Number of protein chains: 2
Amino acid sequence: MKIGFDAMGGDHGPLETVKGAVEALDMFDGELILYGDIVQIENELKKYNYKAERISIVPTTEVIENDDKPVKAIKSKPDASMVVGLKALRKGDIDAFVSAGNTGALLAGSLLKVGRIKGISRPALTTIYPTMNGASVLVDAGANAECKPRNLIEFAYMGSLYAEKVIGIENPKVALVNIGAEETKGTPLYIETHQLLKQTELNFVGNVEGRDVPSGKVDVIVADGFTGNIILKLTEGVAMSIVSGLKVQIMKNFVGKLGGLLLKKNLSAFKKMLDYTEYGGAPLLGINGLVVKAHGSSNAKAFKNAIKYAQIGVKTDLVEAIRKAVTGLQTEEKEAEADTEL
Amino acid sequence: MKIGFDAMGGDHGPLETVKGAVEALDMFDGELILYGDIVQIENELKKYNYKAERISIVPTTEVIENDDKPVKAIKSKPDASMVVGLKALRKGDIDAFVSAGNTGALLAGSLLKVGRIKGISRPALTTIYPTMNGASVLVDAGANAECKPRNLIEFAYMGSLYAEKVIGIENPKVALVNIGAEETKGTPLYIETHQLLKQTELNFVGNVEGRDVPSGKVDVIVADGFTGNIILKLTEGVAMSIVSGLKVQIMKNFVGKLGGLLLKKNLSAFKKMLDYTEYGGAPLLGINGLVVKAHGSSNAKAFKNAIKYAQIGVKTDLVEAIRKAVTGLQTEEKEAEADTEL
C-alpha cells in the first residue's frame with residue numbers, strides 16, 4: 001500500500017507533517033510518498049531514525065496557500081504539492097492522498113484532477129464526531145453549503161459506509177439532523193429528504209435534534225454542509241470554552257488547585273475524548289479515489305492518525321464500496337460542481 | 001405593571017409555575033395575573049405566604065397540550081390559559097405575558113390574537129445565549145425554519161434592541177452566523193443578508209463561525225430559525241455531555257472523588273454559567289406586545305427569571321423601541337405567517 005502525503009499542507013509546514021509521517025510508519029506496513037519541497041523535507045527527515053525505503057519524496061516547487069482562490073490555485077499552480085499528489089492518485093501511483101492544505105482547493109483539485117464517482121453528484125467532507133459513547137460520523141461537514149435532497153441521500157449512503165468500514169460499526173444508525181423529532185419538522189429540504197431516506201435500505205432512524213448529536217445515540221448524522229460545518233465548529237467552540245472555564249475555576253484558589261491536581265489523571269482521559277487529533281482526518285467521500293483532509297492546525301499526532309484512517313479506508317476498499325452502493329441510485333449529472341466552503 | 005402568567009404551561013404544571021410566581025414578587029413591584037385552573041392554582045398558592053393583592057387569578061377551563069397542533073389548538077380551545085392570556089395582552093389588561101406552553105401554539109396564538117408589529121414580517125424567538133464573557137443574544141432560535149434575507153435583517157434589529165435594552169449592552173456587536181469569515185461564504189441567503197446588514201445603521205461586525213459563538217466575542221448572533229435552533233440545542237447537548245463525562249471521571253476512583261470534593265465550591269460557580277434557568281425565558285420579538293416563552297422544563301427559578309426579564313422588557317419599553325426601529329424598513333406584508341417550529 002502506498003499513501004501519498006502533502007508535506008507542505010497545514011499551519012505547521014513540513015515540521016509536523018514529516019514528524020507525523022515518520023511516526024505513522026509504526027502503524028501500517030506500507031510506504032509513504034511525501035510531496036513537497038525536497039530540501040525542507042530532507043532537513044526534517046534527518047532528525048529521525050526510520051527505514052529509508054518506506055518513505056520517498058516527490059519534489060514539487062509550488063505550494064497552495066490558505067488564502068488562495070481554490071479553482072484558480074489548482075489551475076495556476078500545476079507543480080503544487082497538492083496538485084501533484086492528486087494527479088498521482090488519479091494515475092494509481094498511490095492508494096490514498098492526505099493533505100492538511102486549503103480545504104476549498106483540495107475539494108476543487110479532487111474534482112478537477114481525480115473526478116467524482118459515477119452516480120455521486122457532490123462529494124462530502126465526512127468527519128468523525130467524538131461522542132460520549134465513542135464516535136459518530138458527521139456528513140457533510142462543510143463541502144456543500146447549499147444542498148438538494150439528492151445530495152443528502154448520497155451523504156447518508158457514504159456516511160453509513162464510512163461508519164461501517166472505517167469505524168467498524170455494524171448496521172450503522174443513520175439520522176437526519178433537524179429541529180424536532182417529527183417528520184414534518186424543518187425546511188422543505190429536510191422534510192423531503194426525510195421521506196426519501198425512509199425509502200432507502202439504510203438503517204434510517206429518523207431525525208436527531210441538536211441536543212442529541214453529542215450523545216452518540218446515532219452513528220451517522222446527515223446534514224447539509226452549512227449546518228454540518230456549524231455543528232462541527234460549534235462543538236469544538238463549546239468544548240474549548242467549557243474546558244477553559246473549568247481551568248479558571250481550578251486555578252482560582254489553593255483548594256481548587258489541590259482538587260485539580262488530584263483530578264489530573266482522570267481528566268486526561270476526559271481530554272482525550274474531546275481531542276480531534278485522535279481522528280485527525282476527514283475523507284472527501286464521493287471522489288473517485290481516497291482523499292483525506294487533515295485539520296489545518298494538525299500536529300504530528302493528528303497526521304499520524306489521518307494516515308492511520310486513510311490506510312483503513314484503503315484496506316476496506318471504501319471507494320469501491322461507495323461505487324457499488326450508488327450504482328442504481330439515479331444520477332443528476334448536471335450537478336457536477338461542488339461549492340468550496342470551510 | 002401587570003404581568004400575565006400561564007400557570008398551566010410547561011412540564012411542571014401549576015406546581016412550579018405558582019412557586020415561581022410567588023418568588024418573583026420579591027423582584028419587582030408590580031402585580032401578577034395567573035391564568036389557569038382556579039382550584040389547582042389556589043391549592044398551590046395556599047402553600048406560601050405572600051401579599052394576596054399582588055397575585056390574582058383569571059380562571060380558565062382549557063389547556064393546550066404539547067402535542068396539540070398549534071393553529072388548531074388556538075382556534076378550538078378559546079378558554080385555554082394561553083389564549084385567554086394572549087387576549088388580555090391584546091386588550092392592554094396586562095403589560096406582558098409569560099408561558100412555558102407549546103411553542104408553536106404560543107407563536108400561532110401571538111400572531112392570531114395579538115398580531116405583529118407593523119413592518120415586521122416574522123416574529124422571532126430571541127434567547128439569551130450564555131457565553132464565557134456573560135451573555136449574547138441568539139435570534140432566531142427556532143420560530144422560522146425557512147427564512148429570507150428580509151427576515152434576518154429584522155432579527156438583527158430586534159436582537160440588537162434586546163441586547164441593549166434588556167441585557168444592558170451598549171452599541172451591541174451584531175454578527176451573522178456563517179461557515180467562514182469572508183463575506184462570500186455560505187448559502188445565497190447568508191451572502192445576500194451579509195450585504196444588506198452592511199448597509200444598516202446596526203453595529204454589524206461581520207460573520208461569526210460556530211467556533212466563536214460561545215466565546216462572547218459578539219453580542220447578537222443572527223441566524224435563520226433552523227440553524228439557530230440547532231445552535232441552541234447543540235450547545236445544551238455538548239455542555240450536558242461534557243458535564244456528565246466529567247462526573248464519570250470524578251467518581252471513577254477515590255482520588256478523583258477527593259479532587260471533586262475539593263473543587264465542589266468552585267464548580268458550582270461554573271455550573272451557574274451553563275444554567276439556562278438563570279435567564280429562563282425567550283421573548284417572541286416582533287409581536288405587538290411582550291410575549292415571553294419559558295423553557296418547557298422550567299422550574300420555579302426559571303419562571304422567576306422569565307418574569308424578571310419580562311418586567312425589564314416592559315420597563316425599557318422594548319416593543320415600542322422595535323416599532324420605532326422598523327418604521328422605515330420596507331415591509332413585505334404577504335409574509336404574515338411564521339412557521340411553528342421548536
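Domain bounds here come from an automatic or database domain assignment. On that basis, chain A holds domain 1 (1–123 + 286–335) and domain 2 (126–277). This is a predicted model, in which local features need pLDDT of at least 70, side-chain atom pairs count only at pLDDT 80 or more, and totals for chains, interfaces and linings use all residues. Residues are numbered from 1 along each chain as its sequence is written, while chains are lettered from A and ligands numbered from 1 in the order in which they are written.

**Confidence**

- The predictor gives the complex an ipTM of 0.89 and a pTM of 0.90.
- Chain A has a mean pLDDT (the predictor's confidence in each residue, from 0 to 100) of 90, and 93% of its residues reach 70 or more.
- Take some care with residues 331–342 of chain A, where pLDDT stays under 50. Where pLDDT is low, the predicted coordinates should not be read in detail.

**Overall build of chain A**

- Chain A has 11 helices and 11 strands; helices (H or I, at least four residues) and strands (E, at least two) are DSSP runs, numbered from the N terminus.
- The C-alpha atoms of chain A fill a box of roughly 65 × 60 × 35 Å along the principal axes.
- The radius of gyration of chain A is 20 Å, which agrees with the value near 20 Å for a compact globule of 342 residues. This radius is taken over C-alpha atoms, and the globule rule is 2.2 Å times the number of residues to the power 0.38.

**How the two domains meet**

- The centres of domain 1 and domain 2 of chain A, taken over C-alpha atoms, are 24 Å apart.
- Contact (C-beta atoms, placed from the backbone, within 7 Å) links 21 residues of domain 1 of chain A with 13 residues of domain 2 of chain A.
- On the domain 1 side, α10 (300–315) and α11 (318–326) of chain A each supply at least two residues, and α10(A) gives the most, with 6 residues.
- That side of domain 1 has 11 nonpolar, 7 polar and 3 charged residues. Ala, Val, Leu, Ile, Met, Phe, Trp, Tyr, Cys and Pro count as nonpolar, Asp, Glu, Lys and Arg as charged, and the others, Gly among them, as polar.

**How chain A meets chain B**

- Here 52 residues of chain A are in contact with 52 residues of chain B.
- The chain A side divides into 26 nonpolar, 17 polar and 9 charged residues.

**The sheet in chain A**

- An open sheet of 11 strands, with mixed pairing, runs in the order β3-β2-β1-β4-β11-β10-β5-β6-β9-β7-β8 in chain A. Two strands pair if DSSP finds at least two bridges between them.
- β3 (55–59) and β8 (204–208) of chain A are the edge strands, each pairing on one side only.
- β7 (residues 174–177) of chain A runs parallel to β8(A), joined by 4 bridges. Ala175(A) stands opposite Gly206(A) in β8(A).
- Helix α1 (residues 13–24) of chain A packs on the sheet, touching β1 (2–6), β2 (31–36) and β3 of chain A, and its direction makes about 170 degrees with that of β2(A). Axes are lines fitted to C-alpha atoms, for helices over the stretch in contact, and angles run from 0 to 180 degrees between N-to-C directions.

**A strand pair in chain B**

- β5 (residues 124–131) and β6 (residues 134–139) of chain B run antiparallel, joined by 6 bridges.
- The bridge partner of Ile128(B) in β6(B) is Val137(B).
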